[in-house]
Amino acid sequence: MAAEIVNPRSDSGTSTGHEGAEEPFDPAFALHRGGKMAVQATVPVRDKDDLSLAYTPGVAKVCSAIAEQPDLVHDYTWKSNVVAVVTDGTAVLGLGDIGAEASLPVMEGKAILFKQFGGVDAVPIALGTTDTDEIIETVVRLAPSFGGVNLEDISAPRCFEIERRLQERLDIPVFHDDQHGTAVVTLAALRNAARLTDRTLGDLRAVISGAGAAGVAIAKFLLEAGLGDVAVADRKGIVSRDRDDLTPVKRELAELTNKAGLSGSLESALAGADVFIGVSGGTVPEAAVASMAPNSFVFAMANPNPEVHPDIAHKYAAVVATGRSDYPNQINNVLAFPGIFAGALQVRASRITEGMKIAAADALAGVVGDELSAAYVIPSPFDERVAPAVTAAVAAAARAEGVARR
């Protein structure tokens with residue numbers, strides 16, 4: 001409703017505000033004018049009686065009760081259903097380091113996706129610092145107002161340390177969606193692709209292009225879920241133990257991955273591989289795709305240009321997925337993060353565990369069910385079964401793992 005009022009849709013001319021120039025109507029600018037979200041009251045303030053309950057003096061009773069029993073904050077404020085969407089603007093979509101203010105349209109978008117697909121309220125917070133310690137201290141001080149923290153578009157390798165240290169200091173879930181949301185949806189699609197071809201995860205060898213936040217998280221998560229083997233490539237080739245130029249994060253990755261002992265280029269690693277997962281951009285030569293094993297899977301997820309064009313991938317692969325909505329099998333984080341947070345908040349989980357993420361992936365894969373086909377290994381974000389299934393699975397897993405507090 002608010003978006004339609006603030007951003008009326010029309011075919012009349014509109015200015016982007018750039019140097020005062022009048023430009024042709026652009027629906028993206030029209031939609032964003034005035035922002036994409038607003039705060040809405042959940043109780044009426046119609047008269048002095050309502051005012052005295054919603055604010056002073058009635059509010060004092062609630063404050064005093066919470067001061068005596070801090071857990072009541074979950075029942076008598078919005079804390080139990082609100083997430084902070086935190087960024088420093090250093091790794092925004094494919095735009096890179098564009099700064100805090102320029103990141104706000106993305107953070108607003110993330111917040112409305114939380115609400116639309118998971119029923120979770122979310123507040124965009126773009127920080128005016130890129131210093132790791134300052135980000136951590138700021139979020140720790142903001143945390144009493146929120147039930148969870150979604151880290152967004154923070155560049156690697158800082159994002160790994162920021163998430164780890166925040167989770168160590170906070171008793172609410174901290175979740176870097178660029179890492180874990182992508183990994184959950186990838187696992188769900190891969191499980192179904194394996195099922196379609198009568199294989200298990202343990203039968204598969206994968207190659208990941210990209211050793212940033214998403215690539216590292218996907219590799220670790222797939223191994224945790226039982227993948228046979230995975231090699232990860234960065235700009236200099238396969239991340240392997242014999243390289244002396246690795247960051248601490250990549251050194252750890254080299255110890256966990258690449259049981260086959262591969263080295264050299266991404267293209268050479270793809271020879272005989274069962275799975276390609278692209279989270280890096282760039283282009284993979286057709287000859288490298290052709291060298292993969294029979295019944296291979298190509299998940300080329302770079303946006304807007306997949307590492308392997310779907311038309312080429314379909315010539316060789318049994319299942320093709322991308323990050324785009326105009327092709328089948330879209331690997332889209334919105335399938336994961338709303339339900340994951342909804343489930344965690346529902347049981348007041350103190351953290352989001354590996355088991356909870358695997359439960360989310362299994363639930364997401366299960367939505368496909370008997371409808372499984374090469375063009376349908378992952379459901380649409382608009383499938384109304386998705387969020388309830390993921391929410392319930394995550395809540396159950398939190399209870400089973402002892403991190404639920406109700």
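## Phenylalanine 299

Phenylalanine 299 has a relative accessibility of 0% and so counts as buried (under 20% relative accessible area, with exposed over 50% and partly exposed in between, for a 1.4 Å probe and protein chains only). The model is predicted: local features need pLDDT of at least 70 and side-chain atom pairs count only at pLDDT 80 or more, while totals for chains, interfaces and linings use all residues. Residues are numbered from 1 along each chain as its sequence is written, and side-chain values use heavy atoms, with hydrogens and water left out.

Phenylalanine 299 belongs to strand E11 (residues 296-300); helices (H or I, at least four residues) and strands (E, at least two) are DSSP runs numbered from the N terminus. Leaving aside residues up to four places away in sequence, phenylalanine 299 touches Thr186, Ala189, Leu190, Phe276, Ile277, Gly278, Val319 and Ala321 (contact: heavy atoms within 4.5 Å). Lysine 357 is 58 residues from phenylalanine 299 along the chain, and 20 Å separates their C-alpha atoms.

## Helix H15

Nine of the ten residues of helix H15 (residues 337-346) are buried. They are Phe337, Pro338, Gly339, Ile340, Phe341, Ala342, Gly343, Ala344 and Leu345. After H15 comes arginine 348, with a positive phi near 55 degrees.

## Two domains

An automatic or database domain assignment divides the chain into domain 1 (79-172) and domain 2 (178-405). Their C-alpha centres are 23 Å apart. In the interface, 26 residues of domain 1 contact 21 residues of domain 2.

The two domains bury about 1,900 Å² between them, 62% of it on carbon and sulfur atoms; buried area is the accessible area (1.4 Å probe) that two parts lose on being put together, summed over both. Phe117, Phe160 and Gln167 supply 32% of the area that domain 1 buries against domain 2, more than any other three residues.

## Annotated span and helix H7

The unreviewed UniProt entry carries the annotation "domain: Malic enzyme N-terminal" for residues 34-167; such annotations may be inferred rather than shown by experiment. This span is 46% helix and 12% strand, with its end C-alpha atoms 34 Å apart.

In helix H7 (residues 132-142), the buried residues are Thr132, Ile135, Ile136, Val139 and Val140. Viewed down the axis of H7, these residues fall within an arc of 130 degrees, so they line one face of the helix; the arc is that of the directions from the helix axis to the C-beta atoms. They pack against strand E3 (82-87), strand E5 (148-151) and helix H8 (158-169).
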